[in-house]
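Subject: Structure handover

Dear colleague,

Here is the structure I said I would pass on. My notes on what was found in it follow.

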Amino acid sequence: MPPLDDNRYLKGGPVAARIIAEVRAAAQQATDEGFRPKLVSITVGDVAAVDVYVRNQRAKAELAGIDFEERRFPAELTAGELEAAIHGMNADPRITGIIIQRPVPAHIPIKAIQAAVHPLKDVEGMHPASIGNIVYNQLDLAPCTAAASVELLKATGLDLKGLEVVVVGHSEIVGKPIAFLLMSEGATVTVCHHMTRSLAAHARRADALFVAVGKPRLIKADMVKPGAAVIDIGINAETLPDGSSRIVGDVDTESVKEVASWITPVPGGVGPVTVAILLRNTMVALNRQRAVYRATFGTAEATLAAE
Ligand SMILES: NC(=O)C1=CN([C@@H]2O[C@H](COP(=O)(O)OP(=O)(O)OC[C@H]3O[C@@H](n4cnc5c(N)ncnc54)[C@H](OP(=O)(O)O)[C@@H]3O)[C@@H](O)[C@H]2O)C=CC1
Ligand SMILES: Nc1nc(=O)c2c([nH]1)NC[C@@H]1CN(c3ccc(C(=O)N[C@@H](CCC(=O)O)C(=O)O)cc3)C=[N+]21
């Protein structure tokens, strides 16, 4: 197997740019028709892991023509206060999408908070009703990182039907939805986690390996099948001996790139596509809200014309 050359790096930039261009056209059209998309990001407390994400959300939303507002709450906020703020946003017609940045402080029950977001404004697909849609093979609004990871695998041109895929990590927001999305596409999916007996034995069977654990260099070259596609979802801050810090993934890219046929770099891989999918989801949510307006206020003729 030849070592990976430069164009086998599965870069997120071009995939993200294509998605953002599509979102931009859709946002422009919706705005012209009187439905301006607006995404609100909720952060509770100071979380370094969220800062990069929110900064990129703001920058790309601006590029796509989507209004963006960041609402930062103090770490002492109670769950009740946060729920009340979310209910206010649900009822505000100017706000068309809401994302709750994770993690939130331990005293706030994240599941209850995600369920407080109205499903029609749930741009991250984390409301139980939204995540349930994925089980029913309705895939147009999936959790952003999971959808981004699958989008990158598709960019290899590999046929997902019958593809042997291993997902390492089974969190609700990343690993599990990846497994469901891939099952819907016809892949044969194995999910590994911290109790898996031989991670290496499973990982080595994979034609496509997804890694979402949060442990730098967990996946080494001897755990990867020659010619596989490796999607590295990890975003870990690493401090260098000189005191500076950088972002690394969960895969030992230096060694794995000698074995794999495709590998997503960190940074520059899944991250930028995650942001693009969030904006695409914002338009999916807006279109669902418009369908409700049409169904509620449209005359029969107008409803037919819009279809
Ligand atoms: N690129 C992006 O857009 C995003 C990147 N991330 C990054 O992805 C990574 C994972 O995030 P997230 O899913 O939220 O993290 P979680 O901590 O919620 O989940 C980690 C998962 O890894 C599993 N795990 C832990 N140790 C091992 C091990 N030794 N072998 C196999 N599995 C193990 C855990 O299993 P168990 O529960 O059984 O312990 C758990 O399912 C992080 O680095 C995060 O920063 C996250 C969101 C977005
Ligand atoms: N509800 C919720 N959903 C998330 O998806 C979520 C979250 N909370 N909390 C934090 C983590 C982390 N995360 C990132 C996404 C993109 C980049 C990103 O764009 N990274 C770029 C830029 C890196 C840089 O500028 O240094 C890259 O990897 O190339 C980073 C981090 C999403 N997360």
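A residue counts as exposed when its relative accessible area is over 50%, as buried when that area is under 20%, and as partly exposed in between. N137 has 51% relative accessibility, so N137 counts as exposed. Please keep in mind throughout that this is a predicted model.

Backbone geometry

N137 also has a phi near 65°, a positive value in a residue other than glycine. N137 sits in the loop between α5 and α6, the latter being residues 144-154. R217 likewise has a positive phi without being glycine, in this case near 55°. The loop that holds R217 runs between β6 (208-211) and β7 (229-232). With a relative accessible area of 32%, R217 is partly exposed, because values between 20% and 50% fall in that class.

The bond from R102 to P103 is cis, and its omega is near 0°. P103 belongs to the loop between β3 (97-100) and α4 (110-116). The bond joining V266 and P267 is also cis, with omega about -5°. P267 is placed in the loop between β10 (262-263) and α10 (270-297). As background, most peptide bonds are trans, and most residues other than glycine have a negative phi.

The chain as a whole

The chain has 11 helices and 10 strands. A compact globule of 307 residues would have a radius of gyration near 19 Å, and the 20 Å of this chain agrees with that. The C-alpha trace spans about 60 × 45 × 35 Å along its principal axes. Of the 307 residues, 47% count as buried. The chain exposes about 14500 Å², of which carbon and sulfur atoms supply 56%. If we take the contacts between residues at least 6 apart in sequence, 72% of them join residues at least 24 apart.

Annotated domains

"Tetrahydrofolate dehydrogenase/cyclohydrolase NAD(P)-binding" is listed in the unreviewed UniProt entry for residues 143-289. Here the span is 34% helix and 19% strand, with 19 Å between the end C-alpha atoms.

Annotated binding site

Which residues does the UniProt annotation "binding site" cover? The unreviewed entry gives G169, H170, S171 and I235. Of these residues, S171 and I235 are included in the lining of the largest pocket.

G169 lies in the loop between β4 (164-168) and α7 (175-184). Is G169 buried or exposed? Its relative accessibility is 9%, so G169 counts as buried. Apart from neighbours within four places in sequence, G169 is in contact with G175, V191, C192, A212 and V213.

H170 is placed in the loop between β4 and α7. At 35% relative accessibility, H170 counts as partly exposed. Once neighbours within four places in sequence are left aside, the contacts of H170 are G175, K176, V191, C192 and H193.

Cysteines and S130

C192 has 0% relative accessibility and therefore counts as buried. C144 is buried as well, because its relative accessible area is 1%. How many disulfides does the structure hold? The number of disulfides is 0.

S130 lies in helix α5, which covers residues 128-135. Its relative accessibility is 7%, so S130 counts as buried. Beyond neighbours within four places in sequence, S130 is in contact with P119, D122 and G125.

Regards

Terms used. Residues numbered from 1 in each chain as written. Chains lettered and ligands numbered in written order. Predicted model: local features only at pLDDT ≥ 70, side-chain atom pairs only at ≥ 80, totals over all residues. Heavy atoms only, no water. UniProt positions renumbered as here; feature names shortened; annotations may be inferred. 1 Å grid on protein atoms, 1.4 Å probe; cavity = no way out; pocket = protein on both sides within 12 Å on 5 of 7 lines; lining within 4 Å. Helix = DSSP H or I, 4+ residues; strand = E, 2+ residues; numbered from the N terminus. Buried < 20%, exposed > 50% of the residue type's maximum accessible area, 1.4 Å probe, protein only. Contact = heavy atoms within 4.5 Å. Rg over C-alpha atoms; globule rule 2.2 N^0.38 Å. Areas by Shrake-Rupley, 256 points an atom, 1.4 Å probe, with all protein chains shown as cover. Disulfide = S-S within 2.5 Å.
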